[in-house]
Structure formats: C-alpha cells, structure tokens
Amino acid sequence: MPQNRVTVAMRTDIFDWLALSSHHWAGDQEEPDFLSRLFDLRSLPSTDGRPQYPTAAEDIWQHRVNNRTDWDDNWVFGDSRFNLRHVDDGLFLQFLVQTVNPAVRRDPAAAAAMVQAYNDVLRRAGIELAEDRRVGEGVYYRPQNTSGVNSPSAMVVAPPDVRNTDVLAAQLTRLRRDIDTDPAAAIAHCKELIESQCKLVLGELGKPYDDRAELPALYRAASEALGIHAESVSGDARASDAIRTVLRSLASVVQNVSAARNAMGTGHGRGTASPAERRHARLVFNATVAITEFVADTWSAH
C-alpha cells in the first residue's frame, strides 16, 4: 500500500484548525447526510448497543440529530469507523472537498477561507485544492498536485536577523489569502511585496530613496545597494557573464510584474473587470518568488 503524502500530523493540523474555527465540517447539512456523500453508513457498525440503532446511520442520527449534544461537534475526526487520520489520501481529500461543496456550504467566502487554510497545510505535501468549475456563485474544488509550484507560506523574503519585517509578513498573508481566489488582487500584492522588500533593504542599509518611486527604480536602487548589478562568479568569466545576463532578465521581470499590476491588478480605480485568471496570478507570483528570494539570499550574504 503506498504511503500517504498527507501525514497524520498534517491531518491533525487541519482538524485542529476546523475545531477552533467557526466552520463546522458538515456545513449546512445534517451530519448523517454529509457523511453519506462519502460512506455507506448502513454498512458500518453502530456504537450504540440498542437494537433500534443497528448501523452507523441510525447511531449518528440518534446521537447527533435527535440528541445533538451526546457527542462533541468534532467527534468524526477520531471515529475509527471513518479513520480520517489514516485513510488513503484520496478519501481524506474527498472529505475536505465535500466540506466546501456548494451544496454543503452555501457561503462561497467561507468555503474560500477554508480552502486557504487547508492549502496552507496540504502544500507541505505537494497537494492543494484548486478551483474546478463554477456554477452561479458556487465554486467546486478538486485536489491537484503542486509539484514545482511555489507557495507564499514557504517564501523567504528577508534574512532572519532583520527586524521590522511586519510589512512583508502582511503582504505574504494577503498573497496566501488571494492567490487561489482573487487573481487581480494577488497580482497587485506581488508588486507591493517587491516594493516593500526593496524599501526595507534600502532602509536597513542606510540608503535614501523616494517613497513615491516606481518599482523599477526601487529595484534598481536596491540592486545597486546589494551589489546585485555587479554580481559575478569568482574565477570564472564565462559563468559571470551568464549570471549577469540572468540578472538583466530579472530586472526585466521586475518591470513586467509592475506592468502586469497596472494592466490586470487591483488599484487605480479600474473601470472594467480585470482579465486576470488564476494561471496569470500564479505566473506573476512565481516570477515574484524568483526576484524576492534572490534579493533575500544576496541580502543575507551582504
């Protein structure tokens, strides 16, 4: 049997989050109805020895519908009949998908918040819940692999000994919130993250800058302060030329992230809806990772 990628510890993190949140796992459905989406309750045993409750279907109805307080709200996470901490990844992920199914949870904003929390954990296993389709305002999700896809949760944007990074942390929080659900906002956050990082670099190194400067000018100033513009590979002229070419391309990427924000991101009082899609937001975000992590690495070595 293949080993699960979503470990028991990860599942426990998700269950703990659900237990502490205001989002009940069964959403707007009665718990037996929700569980019937995934399990044949009449083929599972009862924990109640009385003959009128012969299967899990009657057992759960009696103790969670008829007498709702018999069991605590999160009883299902530890119930051996469902074994959610140890079942194969496919069934576990389908459990999560059903918790945000529009027929189960009618509030799309609540579902999006839950998906974000799930993905913060699942991406450690190279998995995420992604939008599959929309019907009206309802969003249907599906699991997918994230191999090769970066996550805001894993980004390093400053050396560990640098203080006053709250603004960067706030940008990453907004990116985690919007990367899968609001592409236009996510693209804007990417530009703002690079801007904030450049300003923090310049401030920490005691270099003056114009707070109203555009992103390309800020990045150029930060690059010069860190010596990125003169980056070389010691003792290897050919490698140095290659690195300088890559760095010139990186500066072009910065320019294009700024342009993407103006064309597709939020801000400037848009008169029409943004054409940005999730794939566009991911493209801009992954470009942002390349920029900010190289700046952070160079800053650490400065």
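Helices are DSSP runs of H or I, at least four residues in length, numbered from the N terminus. In the predicted model examined here, the largest share of the lining of the largest pocket comes from helix H9, which contributes six residues. This pocket has a volume of about 250 Å³. Its lining comprises 13 residues, of which Tyr219, Ser223, His229, Leu247 and Ala251 are the closest to the centre. Two or more lining residues are given by helix H8 (215-226) and by helix H9 (237-264). By residue class, the lining of the largest pocket contains six nonpolar, three polar and four charged residues.

Phenylalanine 15 belongs to helix H1 (residues 8-20) and phenylalanine 92 to helix H4 (residues 89-99), so the pair ties together parts that are 77 residues apart in sequence. Buried residues are those under 20% relative accessible area; phenylalanine 15, at 1%, is therefore buried, and phenylalanine 92 is likewise buried, at 0%. A single aromatic cluster is formed by Trp25, Phe34, Phe39, Trp71, Trp75, Phe82 and Phe95.

Contacts between arginine and aromatic rings were also found. The ring of phenylalanine 92 has the charged end of arginine 11 over it, 4.4 Å from the ring centre. Arginine 133 is placed over the face of tyrosine 140, at a distance of 4.1 Å from the centre of the ring.

Terms used. Residues are numbered from 1 along each chain as its sequence is written. This is a predicted model: local features need pLDDT of at least 70, side-chain atom pairs count only at pLDDT 80 or more; totals for chains, interfaces and linings use all residues. Side-chain values use heavy atoms; hydrogens and water are left out. Buried means under 20% relative accessible area, exposed over 50%, partly exposed in between (1.4 Å probe, protein chains only). Rings of Phe, Tyr and Trp (its six-membered ring) pair if their centres lie within 6.5 Å; planes under 30 degrees apart count as stacked, over 60 as edge-to-face and the rest as tilted. A charge sits over a ring if NZ of Lys or CZ of Arg is within 6 Å of the ring centre and within 35 degrees of the ring normal. On a 1 Å grid over the protein atoms alone, a cavity is a set of points where a 1.4 Å probe fits but cannot get out, and a pocket is an open set with protein on both sides within 12 Å along at least five of seven lines; lining residues have an atom within 4 Å of a point. Grid points are joined across faces, edges and corners, and a volume is the space filled by probe spheres set on the points. Ala, Val, Leu, Ile, Met, Phe, Trp, Tyr, Cys and Pro count as nonpolar, Asp, Glu, Lys and Arg as charged, and the others, Gly among them, as polar.
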